[in-house]
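Subject: Structure handover

Hello,

Please find the structure below, followed by notes on what was found in it.

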Amino acid sequence: MTSTDIDVLQVEVWSDIACPWCFIGKTRFAAALEQFDRRDRVDVIWRSYQLSPEAPVGARERELDALVRMKGMAPEQVAGMFEHVASIAKADGLTIDFDTVVAANTFDAHRLVHIARKQGLADEILSALFEAHFSDGRVVDDRDVLVELAERAGVTGAADALAGDAGLDEVRADLATARELQVTGVPFFVAGRRIAVSGAQPVPVLLQLLEQGFDAMRE
């Protein structure tokens, strides 16, 4: 067996649960992986990023109202932007209902992703968080909601883990690395810490990222 036969490409994806483009990007990346002939040799690590780290926990403010307040945009402008994103998501088979989306601080949700990763369930819990936030109008900075989602996804011990310090260091490390890499927008895909693409790219672009990642490993 050659080294090429056993090499694994690590793909890190910085994303935020409160980012609709990250929801779309995760779906497109899953489609790219499904088509990729070496998908069994790709290790995907979901990294934490916060678009609004200052968002208050438990405010339960509508996303539209939060953006109007924080960005100083007109409600009509925000609504038009939401409609555009929702239509793109629909074309990818996703439901985003901005009428029910509640703005949230995503720090604990990111902790839950790291907790789930140790049980091999990061992908599942991240999908559950995106759907809860964007499709179901759930409050994803409510720990009871997070524990419920964890239990549904098969993640054990989430209540105790979130009550303690589990995932804190991992989330902080992800945020620090994002600053070092000068990540300014998400989703941000990095293959082998050598090849990167930003944004919810089409499936062919993400396939190219995977191909180039493996090519770079042989250099």
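Arg193 counts as partly exposed, because its relative accessibility is 46%; in these notes buried means under 20% relative accessible area, exposed means over 50%, and partly exposed is in between, with a 1.4 Å probe and protein chains only. The model is a predicted one, in which local features need pLDDT of at least 70 and side-chain atom pairs count only at pLDDT 80 or more, while totals for chains, interfaces and linings use all residues. Residues are numbered from 1 along each chain as its sequence is written, and side-chain values use heavy atoms, with hydrogens and water left out.

Backbone and loops

Arg193 sits in the loop between S3 and S4. Helices (H or I, at least four residues) and strands (E, at least two) are DSSP runs, numbered from the N terminus. The phi of Arg193 is positive, near 55°, in a residue other than glycine. Gly192 in the hairpin of S3 and S4 also has a positive phi, near 60°. That hairpin has 3 residues between its strands.

The loop between H9 and S3 holds Gln182 and Pro187. Gln182 is a residue other than glycine with a positive phi, near 60°. It counts as exposed because its relative accessible area is 66%. Val186 and Pro187 are joined by a cis peptide bond, with omega at about 5°. For context, most residues other than glycine have a negative phi, and most peptide bonds are trans.

The sheet

Four-strand order first: the open sheet of 4 strands runs S2-S1-S3-S4, with mixed pairing. From one strand to the next, the twist averages 15°. Two strands are taken to pair if DSSP finds at least two bridges between them.

S1 (residues 9–15) and S2 are parallel and share 7 bridges; Trp14 has Arg47 in S2 as its bridge partner. S3 (residues 188–191) and S4 (residues 195–198) are antiparallel and are joined by 4 bridges. In S4, Val197 is the bridge partner of Phe189.

Helices on the sheet

H2 lies across S1, S2 and S3 and runs at about 175° to S2. Helix H9 (residues 168–180) lies across S1 and S2, and its angle to S2 is about 90°. Axes are lines fitted to C-alpha atoms, for helices over the stretch in contact, and angles run from 0 to 180 degrees between N-to-C directions.

Which residues does Asp174 touch, not counting those up to four places away in sequence? They are Trp14, Trp46, Arg47, Ser48 and His114, where contact means heavy atoms within 4.5 Å. Asp174 lies in H9 and counts as buried because its relative accessibility is 3%.

Helix pairs

H2 (residues 20–35) and H10 (residues 203–217) pack at about 60°, with their axes 9 Å apart. That angle makes H2 oblique to H10; angles under 35 degrees count as roughly parallel, over 145 as roughly antiparallel, 65 to 115 as roughly perpendicular and the rest as oblique. On the H2 side the contact is made by Gly25, Arg28, Phe29, Ala31, Ala32, Leu33 and Gln35, and on the H10 side by Val203, Leu206, Leu207 and Leu210.

H3 (residues 63–71) and H4 (residues 75–91) pack at about 125°, and their axes are 9 Å apart. H3 and H4 are therefore oblique to each other. Glu63, Leu64, Leu67 and Val68 of H3 make the contact with Pro75, Val78, Ala79, Met81 and Phe82 of H4.

Helix H7

The buried residues of H7 (residues 143–153) are Val145, Leu146, Val147, Leu149, Ala150 and Ala153. They pack against H5 (107–117), H6 (122–134) and H8 (158–163). At the N-terminal end, Asp142 caps H7, with a side-chain oxygen 2.8 Å from the backbone nitrogen of Asp144. After H7 comes Gly154, which has a positive phi near 90°.

Regards

Note on methods: Polar contact = N/O pair within 3.5 Å; in protein donor to acceptor, adjacent residues only side chain to side chain.
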